[in-house]
Amino acid sequence: MENAEKIWRLAGEWINRPLPWDSPCCYPKHRTGFLSSPSPPSMAISMQLARFSPSLAHSRVRSAPLSKPTLTVRCSGGAGLEPDFDKKAFRHNLTRSDNYNRRGFGHKKETLELMNQEYTSDVIKTLKDNNYVYTWGDVTVKLAESYGFCWGVERAVQIAYEARKQFPEENIWITNEIIHNPTVNKRLEEMDVKNIPVEEGKKQFDVVDKGDVVILPAFGAAVDEMFTLSEKQVQIVDTTCPWVSKVFFFFFFFISEGLVWNTVEKHKKGDYTSIIHGKYSHEETIATASFAGRYIVVKNMTEAMYVCDYILGGQLDGSSSTKEAFLEKFKYAVSVGFDPDVDLAKVGIANQTTMLKGETEEIGKLAEKTMMRRYGVENINDHFVSFNTICDATQERQDAMFKLVEEKLDLILVVGGWNSSNTSHLQEIAELRGIPSYWIDNEQRIGPGNKITYKLNHGELLEKENWLPSGPITIGVTSGASTPDKVVEQALKKVFAIKRQESLQVA
Ligand code: SF4
């Protein structure tokens, strides 16, 4: 923790340090390039470009040729395809073919009704109807003003339900969990939607036969997986969230292809490496990386500082060292053949859609200043471009959580899958604020008695007896973007039962 704080402080100091180009008169920073989506609610992805005047002294960058170690690439990034494989043409043709569907099959009304029956909650409705606060016995619950199922998740689950209805007899497979929620995933299993088996970290597509149906989850799928399925002539049902698809588009066209939009200049061809703020083993990041060409994934500010320090030849905070050490550190998080001495000269920053918004922004600023210092302010447009691809739903849930933690609360209950990235950041916000916060994936983590099994943001699994204080209590509640309201209700009902039992004993 101390170390993390130090990194943040160092990064903050460096980012905020006044520099010659920070004068408004020579810092005409723009925000341009808005894209709107046909899907509700409207999306806007902002692209930040920087243009500046005076140059700074360039820092030394390591240039000694070093031998490249063999890389084990965990974040596959379409590694199974030939380097000259035309991803753009492939995707264009696939998405227009008869065996591809991303719009559903005309059963929307009935499948939404079924989902309402299975996933909505009277307790949550009561909270919403009462301005997000309600008291049951000794328990006052304050619900975050934005929580639970996002539109992208709802859409993905609904299309999966439609697929089952449309293909009642066919084998239906899914390439990953449709979303990160055990309740929903179990429900799909009950509907005989089977996961593609995984052996030694590799998906076994052999089980899929011509004529089967394969669902791509809300996080999307890597290009090489889509190619394999296309070759097998299966029916592909693509539930990829439209927001994630937009991120693929940005990576492909704006970063890899280097089509940098600039209000002053025309589109300009470049050759950028993607720095992805994300988790290299997360399905969305794997899929995104497959569109990115050359890339490196950094999961937090500490790793971003390391990369920037390397770019500056050790003159940022001295955290980096040799090229071999760099490649060892990021061995699962870089594209095949990545060479930090060559591939970090032109970088585009983007992020997994569900990262912590503030951290993404700080990483973007850090990288921007690093490239200005390395290549000169006047050359920044040739070396740096940044896209904020945090989705609206993630932002809204984080903003609501920041508001919730300002309330007077005894504790917070965060409900969401333990592998859910967006939920982990909701828990992180509560932890940073110093409020006792318990992240559970379903109600079975509560009990027996006044006991809870929960996770912390960094994945540590803990148990606590007497986690609910005695007497009247106020608890804050939120849930991740893939969590049905029903799961939150089941957890709250357990809380109510414990407190009811306590008041009976007191009486
Ligand atoms: S969290 Fe955002 S990107 Fe992910 S499914 Fe929901 S709307 Fe889409």
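Predicted model: local features only at pLDDT ≥ 70, side-chain atom pairs only at ≥ 80, totals over all residues.
Two strands are said to pair if DSSP finds at least two bridges between them. Helices (H or I, at least four residues) and strands (E, at least two) are themselves DSSP runs, numbered from the N terminus.

Residues are numbered from 1 along each chain as its sequence is written.

Let me start with the chain as a whole. Its secondary structure comes to 16 helices and 20 strands. Of the 507 residues, 44% are buried; a residue is buried if 20 or more other C-beta atoms lie within 10 Å of its own, exposed if 12 or fewer, and partly exposed in between, with C-beta atoms placed from the backbone. Two residues are in contact if their C-beta atoms, placed from the backbone, lie within 7 Å. Among contacts with a separation of 6 or more, 73% involve residues 24 or more positions apart.

I come now to the strands. Strands of a sheet pair through backbone hydrogen bonds, either parallel or antiparallel. Strand S20, residues 473-479, is mostly covered, with 5 of its 7 residues buried. Which strands does S20 pair with? One is strand S5, residues 139-143, which joins S20 in the parallel sense over 5 bridges; here valine 139 stands opposite isoleucine 473. Another is strand S16, residues 411-415, which runs parallel to S20 and is joined to it by 5 bridges. In that pairing, serine 479 of S20 is the bridge partner of valine 415.

Elsewhere, 5 strands form an open sheet with parallel pairing, in the order S3-S11-S10-S6-S7. Strand S3 (100-101) and strand S7 (193-195) stand at the edges with a single partner strand each, so one side of each is left without a neighbour in the sheet. Isoleucine 174 has asparagine 195 of S7 as its bridge partner.

Next, helix H7, residues 223-231. Its buried residues are Val223, Glu225, Met226 and Leu229. They cover an arc of only 160° around the axis, which puts them on the same side of H7; the arc is that of the directions from the helix axis to the C-beta atoms. These residues pack against strands S10 (213-216) and S11 (235-238), and against helices H2 (87-95) and H9 (283-292). After H7 comes glutamine 233, with a positive phi near 55°.

H13 is mostly covered, since 14 of its 19 residues are buried. Glycine 376 follows H13, and its phi is positive, near 95°.

What surrounds the ligand? There are 15 residues around it, of which Cys150, Gly152, Cys241, Thr353 and Cys391 come nearest; a residue is near a molecule or strand if its C-beta atom, placed from the backbone, lies within 6 Å of it. Helices H5 (151-166), H8 (242-256) and H14 (392-404) each supply at least two residues of this shell, and H5 gives the largest share, 3 residues. By type, the shell divides into 10 nonpolar, 5 polar and no charged residues. Here Ala, Val, Leu, Ile, Met, Phe, Trp, Tyr, Cys and Pro count as nonpolar, Asp, Glu, Lys and Arg as charged, and the others, Gly among them, as polar.

I close with the loops. Valine 405 lies between H14 and S16. Is valine 405 buried or exposed? With 21 C-beta neighbours inside 10 Å, valine 405 counts as buried. Beyond its neighbours within four places in sequence, valine 405 is in contact with Ile429, Ala430, Arg433 and Ile435. The C-alpha atoms of valine 405 and isoleucine 435 are separated by 7.5 Å, although the two are 30 residues apart along the chain.

Asparagine 131, in the loop between helix H4 (122-129) and strand S4 (133-136), has a positive phi near 55°. Asparagine 131 is exposed, with 10 other C-beta atoms within 10 Å. Finally, a cis peptide bond with omega of about 0° joins glycine 447 and proline 448, and proline 448 lies in the loop between strand S17 (437-440) and strand S18 (451-455).
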